[in-house]
Amino acid sequence: MEIKIYDEPFDPWKEVQGHQCSAQGMAGKFGATNIFIGTMRDFNEGEDIKGMTLEHYPGMTEKQLERIVAEAVRQWPIIDALVVHRVGDILPNDPIVLVAVWTSHRGDAFDASRFIMEALKTRAPFWKKELLKSQAERWLVKNTDGYI
Amino acid sequence: MSIKVRYFASLKESIGRSEDNLEFSGLTTVVDVWRSANPNKALPDNSLAAVNMDYVELNSVVKDGDEVAFFPPVTGG
């Protein structure tokens with residue numbers, strides 16, 4: 001299980017490939033890999049967005065993400081998991097978050113990655129501040145419920 | 001006892017500080033820490049609190065050396 005916080009752009013596909021290649025003893029064991037990538041849009045709530053700053057609480061971020069992944073491991077037979085999240089200044093089209101889960105069967109991979117992603121959205125201490133095309137700035141007030 | 005207080009995101013901007021270091025004596029809760037650090041500002045209703053990087057209720061008791069944090073709802077992902 002691996003958790004990474006980047007303050008510069010990352011390539012989610014290289015992250016998945018690199019993690020899978022370096023994971024010891026995983027070859028031949030997993031039958032399903034579910035990958036979720038969250039990417040920054042250039043619009044939100046009716047406004048054009050130029051960029052975004054992602055603040056976080058170093059230390060608590062990792063602690064909460066490790067706990068979320070541990071909870072997922074207790075609920076599903078996860079062979080491996082990778083969570084990557086950006087912080088700092090972000091531009092439209094930049095990947096923000098990656099959740100990848102490797103399991104023997106697809107149902108567990110889908111369900112565990114969904115659980116990790118939704119828990120991250122409500123518990124991991126990140127905060128987004130948007131820079132609008134008008135140069136105004138605004139903090140996002142809360143995340144939407146991904147199950148609605 | 002010594003308590004380190006940290007603030008994040010919009011809450012940090014609204015009070016104009018990222019942290020405080022405060023001294024307390026006797027039984028002290030998380031909300032007592034806020035009131036002592038910010039006597040002229042009520043904690044916004046939707047605020048979250050953490051002690052030593054774990055989420056806590058506002059009536060949780062703090063102890064010497066704790067790091068108490070206040071912040072708005074999280075918006076990552």
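This is a predicted model: local features need pLDDT of at least 70, side-chain atom pairs count only at pLDDT 80 or more; totals for chains, interfaces and linings use all residues.
**Exercise 1. Find which strands of chain A pair with β7(A), and in what sense.**

Solution. 
- Take strand β2 (residues 32-39) of chain A. Its pairing with β7(A) is antiparallel and spans 8 bridges. In this pairing, A:Ala32 faces A:Thr103 of β7(A).
- Take strand β5 (residues 78-86) of chain A. It runs antiparallel to β7(A), joined by 7 bridges. Here A:Ala81 is opposite A:Val101 in β7(A).
- Now test burial. In strand β7 (residues 95-103) of chain A, 9 of the 9 residues are buried, so the strand is largely enclosed by the rest of the structure.

**Exercise 2. Identify the residues with the most contacts inside the largest nonpolar core, and the element that gives the most to it.**

Solution. 
- The largest nonpolar core holds 47 residues. A:Ala81 and A:Ile116 have the most contacts inside it.
- β7(A) gives the most to this core: 7 residues.

**Exercise 3. Classify A:Met1 by its C-beta neighbours and list its contacts.**

Solution. 
- Locate the residue: A:Met1 sits in the segment before β1 (2-6) of chain A.
- Count: 15 C-beta neighbours lie inside 10 Å of A:Met1, so it is partly exposed.
- Set aside neighbours within four places in sequence. The contacts of A:Met1 are A:Val69, A:Asp80 and A:Ala81.
- A:His56 is 55 residues away from A:Met1 in sequence, and their C-alpha atoms are 21 Å apart.

**Exercise 4. Compare the radius of gyration of chain A with that of a compact globule.**

Solution. 
- For 148 residues, a compact globule would have a radius of gyration near 15 Å.
- Compare. Chain A has 16 Å, which agrees.
- Look at the extents. Along the principal axes, the C-alpha atoms of chain A fill a box of roughly 50 × 30 × 30 Å.
- Consider contacts between residues at least 6 apart in sequence. In chain A, 75% of these join residues at least 24 apart.
- Read off the elements. Chain A has 3 helices and 9 strands, in the order β-α-β-β-β-α-β-β-β-α-β-β.

**Exercise 5. Describe the contact of chain A and chain B: how many residues does each chain provide?**

Solution. 
- Count both sides. Chain A provides 25 residues and chain B provides 13 residues.
- Find the elements on the chain B side. α1 (9-15) and β5 (67-71) of chain B each supply at least two residues.
- Sort the chain B residues that touch chain A: 9 are nonpolar, 4 are polar and no residue is charged.

Conventions. Residues are numbered from 1 along each chain as its sequence is written. Chains are lettered from A and ligands numbered from 1 in the order in which they are written. Helices (H or I, at least four residues) and strands (E, at least two) are DSSP runs, numbered from the N terminus. A residue is buried if 20 or more other C-beta atoms lie within 10 Å of its own, exposed if 12 or fewer, and partly exposed in between; C-beta atoms are placed from the backbone. Two residues are in contact if their C-beta atoms, placed from the backbone, lie within 7 Å. Two strands pair if DSSP finds at least two bridges between them. A nonpolar core is a set of buried Ala, Val, Leu, Ile, Met, Phe, Trp, Tyr and Cys residues joined through C-beta atoms within 7 Å. Ala, Val, Leu, Ile, Met, Phe, Trp, Tyr, Cys and Pro count as nonpolar, Asp, Glu, Lys and Arg as charged, and the others, Gly among them, as polar. The radius of gyration is taken over C-alpha atoms; the globule rule is 2.2 Å times the number of residues to the power 0.38.
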